[in-house]
Structure formats: structure tokens, C-alpha cells
Amino acid sequence: MADQNLGNTQFFKVEVDNETGVKKVLSVVYEALLEKGYNPVNQIVGYIMSGDPTYITSHMGARSLIMKVERDELVEEMLTEYIKNNNWSRK
């Protein structure tokens, strides 16, 4: 029998790899919400503000996918894109 140390806590972290980066997650979630007839902006904002995954449909695996990303990372990505698309410059 293998030596097991049950006194230590194991750490587990789910990381979003390059293939399923934050942009990809948002894209899939957005499309899934559209396909199901929801307003994607309202639903994603509801999820970010509350942390309640039921704002996101399970269609296309969207709910599972969005839960792999921290909510602050979603906000950071959206703000970064907003700033870039509005040609704001760093001062």
C-alpha cells in the first residue's frame, strides 16, 4: 500500500488554457445565450454581479465553461476590450 499523508490538504486549481481563454469563454457563452433567446448582456452581467451560475444557460456547456473563469477575469477582459475598441490611450 502506498504511503499516504492524510494530514495535508491538497490544492486543486482549474486553469483556463489558451484554447479556452477568457475571450473564447465569453464568445461561447454569448452565442449560447443568443441561441436560447436570452439577452446575453443582461445574463452575463447578472452572473458577474451575483455569482449565481443559473444566469447562464447550460446549452453548449456555457455554464460549465464560464464557471472555470474567475468573475474578475471576465470583467477585466471586457473592460480591456472596451478600452481598446474606444481607442483610449494610457496617460
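Modeller: Helices here are DSSP runs of H or I with at least four residues, strands are E runs with at least two, and both are numbered from the N terminus. This is a predicted model, so to speak of local features we need pLDDT of at least 70, and side-chain atom pairs count only at pLDDT 80 or more, while totals for chains, interfaces and linings use all residues. Residues are numbered from 1 along each chain as its sequence is written, and side-chain values use heavy atoms, with hydrogens and water left out.

Colleague: Okay, how many helices and strands does the protein come to?

Modeller: Four helices and zero strands. Going along the sequence, the pattern reads α-α-α-α.

Colleague: And what share of the residues is buried?

Modeller: Buried residues account for 23% of the 91 residues in the protein. For the cut-offs, buried is under 20% relative accessible area, exposed is over 50%, and partly exposed is in between (1.4 Å probe, protein chains only).

Colleague: What about contacts between residues at least 6 apart in sequence: what share joins residues at least 24 apart?

Modeller: That comes to 49%. A contact means heavy atoms within 4.5 Å.

Colleague: Let's do helix packing. At what angle do α1 and α2 cross?

Modeller: Roughly 125°, with the axes of helix α1 (residues 22-35) and α2 coming within 9 Å. The axes are lines fitted to C-alpha atoms over the stretch in contact, and angles run from 0 to 180 degrees between N-to-C directions. α1 is therefore oblique to α2. Oblique is what remains after under 35 degrees (roughly parallel), over 145 (roughly antiparallel) and 65 to 115 (roughly perpendicular).

Colleague: Which residues make that contact between α1 and α2?

Modeller: From α1 you have V29, Y30, L33 and L34, and from α2 you have P40, Q43 and I44.

Colleague: How far apart are the axes of α2 and α4?

Modeller: They're 9 Å apart, and helix α2 (residues 40-50) packs against helix α4 (residues 71-85) at an angle of about 135°. So α2 and α4 are oblique to each other. On the α2 side the contact is made by Y47, I48, M49 and S50, and on the α4 side by R71, L74, V75 and M78.

Colleague: Then α1 and α4: how do their axes cross?

Modeller: At roughly 95°, and those axes come within 10 Å. That makes α1 roughly perpendicular to α4. V22, K23 and L26 of α1 meet E73, L74, E77, M78, E81 and K84 of α4.

Colleague: You listed Y47 for α2. Is Y47 buried or exposed?

Modeller: Buried: Y47 has a relative accessible area of 6%. This residue lies in helix α2.

Colleague: What is Y47 in contact with, leaving aside its neighbours within four places in sequence?

Modeller: The list runs D52, P53, Y55, I56, I66, M67, V69, R71 and L74. Take M67: its place is 20 residues from Y47 along the chain, and the two C-alpha atoms are separated by 9.8 Å.

Colleague: New topic, T54. Where is T54 found?

Modeller: In the loop between α2 and α3 (62-66). T54 is exposed, at a relative accessible area of 55%.

Colleague: Now backbone angles. What is the phi of M60?

Modeller: It's positive, about 60°, although M60 is not a glycine. Most residues other than glycine have a negative phi. M60 sits in the loop between α2 and α3. With a relative accessible area of 42%, M60 is partly exposed.

Colleague: And N87, what's its phi?

Modeller: Positive as well, about 55°, and N87 is not a glycine either. You'll find N87 in the segment after α4.

Colleague: Is N87 buried or exposed?

Modeller: Exposed, with a relative accessible area of 68%.
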